[in-house]
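Student: I would like a close look at a single part of this model, with the cut-offs stated.

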Amino acid sequence: MKARISLTRQLAVAMTALAMMAIIVSTAAFYAVYAALERLRIVAPLPPGIEDTTGLDVGITLVACVVGGLLALMIAVRVARRIIRPLGAVADAARRIAEGDLATRIDPIPEAHGETALLIADFNAMASRLERMSHDVKLWNAQIAHELRTPLTILRGRLQGVNDGVFSLDGQLIAGLLQQVDGLTRLVEDLRSVSLADSGRLELVLADIDLVAELQAMAPTLLSMLSPAGFGLALDLQAGTFRGDAARIRQAVIALVENARRHADPCMVRIVTAFSAGTVSIQVVDDGPGLPDGFEGQAFEQFARAGHHAGGSGLGLAVVRGIARAHGGEAQYARGQGRSTFEIVLPRA
């Protein structure tokens, strides 16, 4: 295998050869043109008795080639180093990242200007994003394992108790097991929805939706969720239609109502809809304490919780945001007049 020649040496040799070639070609072209002009008698030949200095001219040309070559070599080496050092730093950092060191960054290089400086900045940004994604994946896996462990442990313990004769398999036990299975099902569906939304693959079945009819049909289900915890339900609905996925909209509304049930104090939960020329707004309003200060920007992130003892999987609001963005809209939170408002704003078309 042939030894690789460094890019610095290649650039230096190429620029030196180019400089010498330019001197030689320009000198040769001068003599060729001058000879042609003499032959055509456009330029008079040397008068008799005048010494021919062609040899001296050639010597001067050779000296010029040597001096020009040395100068070109010095300039080429300097320029090549200015170009190669940033590229070498990027290559070395990329090699360390490929080996698993995602904390690698490139320190500022004085020689880096223009495109090379932009390349270093883009590389550091890419490395930061890779490190953050790797951290998110590890956190995601740990959170999933944590959320699945509790219901699976309960199911295993109770089924083992039935097998050992400690528990009798009556209707109450079966209802409890089904409740844990329902929780697992919701968790898996939430994980699936968030993953699809993050990857841009949350498929929507679009149709014209009569929002009043949809929410009125959901009211008994929502009330059955709220009533056992001491909550009431009020609907303040503006008539109108928009283009969306009815099943996903129902999923988002249920997630917002469940969020209010878990984290707000018993109160009247209001669902408010409003239409404008180009958007539709769905609000779930409660009289609870609201989100802690500084947590508003994190509330819609995956597995976000306001405190160590907060209930839920931490996926509900992330699902809401994913559904809103899949429709081309957004989910947001506001606090005012002692009330917390979680809102989905969607385009009508």
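In which helix is the place of arginine 248? Please go on from there to its surroundings.

Tutor: Arginine 248 sits in helix H6, residues 246-263; helices here are DSSP runs of H or I with at least four residues, numbered from the N terminus. This is a predicted model, in which local features need pLDDT of at least 70 and side-chain atom pairs count only at pLDDT 80 or more, while totals for chains, interfaces and linings use all residues. Residues are numbered from 1 along each chain as its sequence is written, and side-chain values use heavy atoms, with hydrogens and water left out.

The relative accessible area of arginine 248 is 11%, so the residue counts as buried (under 20% relative accessible area, 1.4 Å probe, protein chains only). Neighbours within four places in sequence aside, arginine 248 is in contact (heavy atoms within 4.5 Å) with Glu189, Arg192, Ser193, Leu202, Glu203, Leu204, Ile323 and His327.

Next comes the helix pairing. The axes of H6 and helix H7 (residues 316-326) come within 9 Å and cross at roughly 150 degrees; axes are lines fitted to C-alpha atoms over the stretch in contact, and angles run from 0 to 180 degrees between N-to-C directions. H6 is therefore roughly antiparallel to H7, a label for angles over 145 degrees. On the H6 side the contact is made by Arg248, Gln251, Ala252, Ala255, Leu256 and Asn259. H7 contributes Gly316, Leu317, Val319, Val320 and Ile323.

Notes: Helices (H or I, at least four residues) and strands (E, at least two) are DSSP runs, numbered from the N terminus. Buried means under 20% relative accessible area, exposed over 50%, partly exposed in between (1.4 Å probe, protein chains only). Angles under 35 degrees count as roughly parallel, over 145 as roughly antiparallel, 65 to 115 as roughly perpendicular and the rest as oblique.
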